[in-house]
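My notes follow in the order in which I took them.

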Amino acid sequence: MTDRSAIRNRHPAPPPADAPPPAAGGGKPPPLPRLHRRLDLATVLGLSSGFLLVLGALLLGGRVAAFIDIPSILIVVGGTTAVTTISFSPSDMRAALRALGRTMVAHTSDPQAAARTALSLAEHVRANGPLSLQPMARATRGWPVLNRAVELIVDGLPADDAERILRTEIEANIGRARTAAAVMRRAAEVAPAMGLIGTLVGLVQMLGNLSDPSTVGPAMAVALITTFYGAILGSMVFSPLAAKIDRNAEREAMVDGLYLLAAGSVARQENPRRLEVLINTVLPPELRVTAYE
Amino acid sequence: MTDRSAIRNRHPAPPPADAPPPAAGGGKPPPLPRLHRRLDLATVLGLSSGFLLVLGALLLGGRVAAFIDIPSILIVVGGTTAVTTISFSPSDMRAALRALGRTMVAHTSDPQAAARTALSLAEHVRANGPLSLQPMARATRGWPVLNRAVELIVDGLPADDAERILRTEIEANIGRARTAAAVMRRAAEVAPAMGLIGTLVGLVQMLGNLSDPSTVGPAMAVALITTFYGAILGSMVFSPLAAKIDRNAEREAMVDGLYLLAAGSVARQENPRRLEVLINTVLPPELRVTAYE
Amino acid sequence: MTDRSAIRNRHPAPPPADAPPPAAGGGKPPPLPRLHRRLDLATVLGLSSGFLLVLGALLLGGRVAAFIDIPSILIVVGGTTAVTTISFSPSDMRAALRALGRTMVAHTSDPQAAARTALSLAEHVRANGPLSLQPMARATRGWPVLNRAVELIVDGLPADDAERILRTEIEANIGRARTAAAVMRRAAEVAPAMGLIGTLVGLVQMLGNLSDPSTVGPAMAVALITTFYGAILGSMVFSPLAAKIDRNAEREAMVDGLYLLAAGSVARQENPRRLEVLINTVLPPELRVTAYE
Amino acid sequence: MTDRSAIRNRHPAPPPADAPPPAAGGGKPPPLPRLHRRLDLATVLGLSSGFLLVLGALLLGGRVAAFIDIPSILIVVGGTTAVTTISFSPSDMRAALRALGRTMVAHTSDPQAAARTALSLAEHVRANGPLSLQPMARATRGWPVLNRAVELIVDGLPADDAERILRTEIEANIGRARTAAAVMRRAAEVAPAMGLIGTLVGLVQMLGNLSDPSTVGPAMAVALITTFYGAILGSMVFSPLAAKIDRNAEREAMVDGLYLLAAGSVARQENPRRLEVLINTVLPPELRVTAYE
Amino acid sequence: MTDRSAIRNRHPAPPPADAPPPAAGGGKPPPLPRLHRRLDLATVLGLSSGFLLVLGALLLGGRVAAFIDIPSILIVVGGTTAVTTISFSPSDMRAALRALGRTMVAHTSDPQAAARTALSLAEHVRANGPLSLQPMARATRGWPVLNRAVELIVDGLPADDAERILRTEIEANIGRARTAAAVMRRAAEVAPAMGLIGTLVGLVQMLGNLSDPSTVGPAMAVALITTFYGAILGSMVFSPLAAKIDRNAEREAMVDGLYLLAAGSVARQENPRRLEVLINTVLPPELRVTAYE
């Protein structure tokens with residue numbers, strides 16, 4: 001096939017410094033995206049500085065202890081957890097907890113590194129055949145969709161089937177993230193409601209017992225604390241984390257979509273240059289990759 | 001037909017321990033999914049622990065009796081029921097009550113068990129012909145869509161017609177669940193409104209009668225109780241249950257969709273392996289079934 | 001035509017007891033759905049019991065007269081009417097009033113009776129030709145879409161044109177109901193706003209005149225009454241009625257859709273059994289009709 | 001062409017009394033819809049009676065002057081204008097003002113009169129050729145889309161191009177109305193927020209200066225006045241007018257759509273009877289026109 | 001090619017005064033849209049007059065200092081920033097800041113000037129060939145999409161590819177603007193919540209310490225200041241700016257869409273008159289351009 005040999009003969013452009021060149025032949029597997037497991041600074045710093053600011057406000061008033069009330073914590077935190085659980089299944093709740101963890105410490109998925117991996121994968125298969133990817137199957141376990149794409153290439157599945165399988169996988173990932181975000185969003189609605197319920201309990205108890213006016217102030221202060229907890233939980237924790245989970249899922253789906261493109265391209269035995277064009281159509285302009293001049 | 005005999009001759013992979021193997025021949029009907037009628041723990045525990053927490057808060061204040069006021073219960077619970085009824089028909093209300101029951105005690109529909117049933121059904125028909133399913137028609141009464149699918153296979157309806165009929169049935173199920181969830185959601189909106197109306201009644205009565213200041217507190221406490229009831233009903237009961245009904249319906253529709261796939265596949269006399277691929281496209285990755293290697 | 005004569009020769013299955021058999025021949029027109037003009041119990045009972053509960057709460061306080069304040073009624077009821085009118089045309093407002101009436105006293109449209117009428121219509125035309133429907137045109141005036149369908153069949157319009165005309169008619173009905181529901185929904189938003197405005201007027205007047213503290217309570221009670229009226233009107237009247245109008249329109253559109261199916265089927269000279277299948281695809285499973293075995 | 005001459009020979013049905021008959025020949029231009037420039041009574045009466053009711057409530061309290069506070073007017077009316085301007089361009093604001101005017105005094109667009117104009121236009125061109133419309137171009141300036149349609153017919157543009165141009169024009173009209181409604185809707189959100197801000201300013205000033213309790217009442221009354229203004233502006237003015245602008249735009253788009261149908265029909269040299277059918281598909285049933293029996 | 005030479009021979013209509021005529025030949029590059037970098041008056045005046053009005057209200061009360069409270073500023077401004085950051089990535093936050101800047105000082109994109117540039121570009125290429133645009137590549141750097149379009153024309157990419165690349169670029173621009181608007185919208189939700197949290201902190205501290213009634217007023221005034229800040233930030237700053245960013249993005253996408261049309265038209269070697277028609281279909285009627293009679 002002339003087209004194919006022409007491609008083999010041309011030398012790919014030197015890759016950017018931080019990515020090894022696509023293997024032009026031989027058994028060396030294509031480079032993997034580096035696995036970073038690091039703190040998501042935006043989330044961690046945002047949450048902690050938000051809480052520090054509120055703590056500072058409490059300290060300024062000099063009475064932090066007045067804001068710690070175990071029954072109030074129980075009714076708001078416990079109640080929010082209980083009521084949120086009603087709407088979901090135990091496995092949904094676990095998935096939400098896992099997604100919560102991933103908003104703090106995440107495998108960062110750099111779209112550009114993923115694009116380069118996808119390209120060098122296609123290049124590698126073109127030079128060495130699909131079976132040469134077999135050793136990569138184990139090395140890619142950290143990236144489920146990439147791993148699955150490698151397996152499908154090694155198995156030699158038709159392009160349409162491989163793409164459909166990977167798309168289901170990506171959609172299942174998005175679906176799981178949506179459920180986790182829905183759990184958070186529900187909690188963000190429930191928390192202020194539990195705070196209001198706690199405050200109403202406190203108000204009714206105080207009002208039914210107005211004989212000693214000197215107790216009105218402190219009793220009302222305690223009653224308001226659940227509203228305070230509910231506002232903190234809802235507005236500073238659950239609501240922003242729900243939005244974060246959604247954004248992370250979108251980003252991950254974009255990265256995983258690159259592996260889907262690569263698997264389809266390889267199965268169709270297309271020229272990797274075509275894959276580069278396809279990938280650049282999906283990536284935002286500032287992240288475009290140019291492996292070929 | 002070579003394709004067909006090839007399938008008959010191959011032995012299916014040994015099924016997982018908890019599912020009988022697809023019958024390779026003979027009259028033994030394919031295994032049914034186990035019928036579990038058990039508590040939905042997430043709903044029951046969520047609801048009861050939520051209420052226990054609120055009860056605990058009342059007990060801490062030492063005045064539980066102050067929170068029980070029959071007229072307030074009547075105006076909030078009765079009013080919510082009455083006003084919700086306006087928007088619906090009596091049959092909608094009954095359907096909502098039934099759906100409410102199913103959020104507590106449910107036939108659990110395990111997607112994986114359903115997938116295995118669908119597969120062994122196809123395998124069975126392939127080996128023994130559609131009429132061999134006749135004894136199953138009665139045994140599947142607990143699962144309306146599965147039951148209907150078996151009937152349609154026995155009747156020998158064309159694939160397109162069978163699929164259309166089953167799809168209408170599944171959509172009607174979803175529609176009923178949506179109506180039930182809409183009733184709950186409406187009630188979740190009405191309950192706090194009735195609480196507010198009750199509180200306004202109490203406030204106006206108290207304010208018009210301010211001569212004795214010592215009665216202000218208790219009167220206002222009573223006035224606030226309807227707001228408390230409305231918040232409890234809306235935020236802790238109706239709103240989460242509406243979400244639960246929706247989620248249950250989605251899950252059930254996914255499971256019923258597997259029977260639709262099976263009925264269509266059987267009517268088209270497709271290879272059960274093809275059905276397995278189709279089913280795995282619908283199931284989330286972690287629930288995929290592998291009857292064939 | 002062999003197909004046609006075959007149909008004529010077969011005897012239709014005996015119809016259910018409460019529906020006359022499809023006429024196999026002769027000039028007897030097909031049975032009409034019974035015209036019920038009866039109270040919509042869900043609406044009437046819901047509204048009246050809701051109001052009775054609130055009235056009961058007022059009576060318990062012993063001061064019903066305190067809740068009747070003519071200026072407050074004027075500002076809330078009159079203001080809501082006036083402000084709602086701004087967004088609509090006089091004809092929209094009239095349509096909303098008519099729709100309001102129909103939520104109380106309705107021609108009930110039983111989908112199953114309509115399905116049987118549609119089927120017997122098709123059967124009748126098949127046996128006696130389209131012109132035999134002419135006497136029905138007058139008898140069906142109570143059901144505008146059925147009436148129009150009969151006219152179109154008698155006129156012998158092509159199926160596509162008849163369907164398009166009937167679809168426009170059904171969509172216009174839905175559109176009118178949507179407008180009526182929009183009027184109600186707008187009123188449900190305006191009523192609490194007018195209540196708030198009334199309360200603000202009362203509060204400002206009271207606060208500007210604090211010299212005599214003994215008048216504060218009663219003045220504030222009067223100020224709160226408009227909020228009370230606004231909540232009652234918005235939450236107990238307009239909002240549930242808007243939802244009811246939407247639901248009634250959906251149900252009516254489903255029923256009218258059956259006549260559209262019948263008109264198209266007759267114009268295409270299809271076998272009525274085919275129409276039965278079509279109708280059963282539209283009807284929810286529990287309402288399916290079986291005129292033929 | 002036999003079809004054409006047949007049409008020419010038949011006499012159209014006598015038109016309704018208030019519309020001149022379609023010219024069967026000769027140079028007399030087709031009748032224009034009457035140009036009414038009249039008050040939109042629903043808007044004007046709704047707004048004025050709403051304000052009168054509020055004024056009545058103020059007069060009942062006997063202290064209208066207490067409700068007029070220039071700084072409060074400045075902060076609510078001025079602030080709402082300023083903050084709304086941020087989100088839009090000066091031309092958007094001007095368009096919103098013009099649309100506001102049209103909600104009071106409007107060219108009423110009677111769909112039926114427009115339908116008759118469209119039909120007689122088609123009839124006229126069929127009888128006298130497209131160039132005979134030239135004198136109409138000037139007379140139709142009051143209706144931009146009709147005017148444009150006439151121009152396109154005279155220019156002899158192909159049907160597809162004429163329809164595309166007119167559709168862009170109609171969509172641009174709708175787009176302008178949407179922008180104007182968006183300005184109103186934004187103002188309806190900003191007004192209560194400015195009212196709240198004004199009230200907070202008043203409250204903070206009053207609370208920081210509690211030494212003389214006798215001033216608390218009047219100060220708080222003044223503080224509440226901005227909330228009152230915000231509620232009036234948002235709920236009684238901007239929000240209903242936004243809805244009105246949207247409804248007017250829909251109605252105008254339906255009327256202009258009739259001229260588009262006419263232009264396309266004329267350019268395709270279709271029989272006007274076909275145009276009548278098309279027009280009646282768009283018009284709601286109660287407005288259908290019948291120029292031909 | 002006769003069509004082409006015909007075009008070359010005709011003299012284009014004289015362009016409007018403020019745009020140089022499309023070059024009929026020679027090396028002179030087509031005119032660029034003037035680059036205005038000027039204040040967006042609607043935004044700047046709206047914001048500043050809004051703040052001046054609030055400041056005026058403070059001055060009227062004579063106690064501006066009472067409204068400046070550093071801890072309150074920290075908790076509302078800092079807390080809003082922190083909590084908003086949680087949901088986004090640092091790069092999203094930077095993009096939002098840049099978009100914020102562009103709502104004040106903007107390259108104004110005049111659609112009409114852009115349309116003329118697009119047309120003269122097509123005319124120029126038709127007369128001088130695509131390579132004659134090379135010198136323009138540098139001059140258009142201020143308009144990224146125009147710049148990219150020129151590059152793609154010079155490179156001679158097929159029309160479909162050029163259009164796809166430019167569409168991705170335009171969509172990426174819109175996507176970035178949406179993210180920036182989402183950041184603003186999130187901040188607009190968070191700011192009042194932080195205000196409420198600050199007020200709750202103040203209330204609880206005050207109520208727990210009611211011994212000296214004379215401090216209640218000032219303490220409550222301070223507590224309310226965070227609510228005031230939250231309302232100002234949310235309703236007067238973030239919410240209107242989010243809407244502005246969205247509107248600017250829409251406008252820019254329309255302008256950039258004209259360059260896309262031009263690039264596609266040039267790559268397809270279509271007659272520029274066809275491009276004019278296309279452009280006028282996209283532009284609102286009042287902005288249409290007529291380069292040819």
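I began with chains C and B, where the contact, counted as heavy atoms within 4.5 Å, takes 41 residues from chain C and 35 residues from chain B. I note that this is a predicted model, in which local features need pLDDT of at least 70 and side-chain atom pairs count only at pLDDT 80 or more, while totals for chains, interfaces and linings use all residues. Residues are numbered from 1 along each chain as its sequence is written, chains are lettered from A and ligands numbered from 1 in the order in which they are written, and side-chain values use heavy atoms, with hydrogens and water left out.

**Chain C against chain B**

I looked up the buried area (the accessible area, with a 1.4 Å probe, that two parts lose on being put together, summed over both) and found about 3000 Å² between chain C and chain B, 71% of it on carbon and sulfur atoms. On the chain C side, Leu53(C), Arg247(C) and Arg288(C) lose the most area to chain B, together 17% of what that side buries.

I then checked for salt bridges (a side-chain nitrogen of Lys or Arg within 4 Å of a carboxyl oxygen of Asp or Glu), and the rule finds two across this interface of chain C and chain B. One that I looked up pairs Arg288(C) with Glu169(B), their closest N and O atoms being 3.1 Å apart. Helices (DSSP runs of H or I, at least four residues, numbered from the N terminus) H2 (41–61), H9 (216–267) and H10 (272–282) of chain C each supply at least two residues of the side that touches chain B, and the largest share of that side, 18 residues, comes from H9(C).

**Chain E against chain A**

For chain E and chain A I found a contact of 35 residues from chain E and 41 residues from chain A, with about 3000 Å² buried between them, 72% of it on carbon and sulfur atoms. In chain E, Ile86(E), Val204(E) and Gln205(E) lose the most area to chain A, together 21% of what that side buries. The salt-bridge count between these chains E and A is two, and Glu169(E) forms a salt bridge with Arg288(A), the closest N and O atoms being 3.0 Å apart. Helices H3 (70–86), H4 (90–104) and H8 (159–207) of chain E each supply at least two residues of the side that touches chain A, and H8(E) gives the most, with 18 residues.
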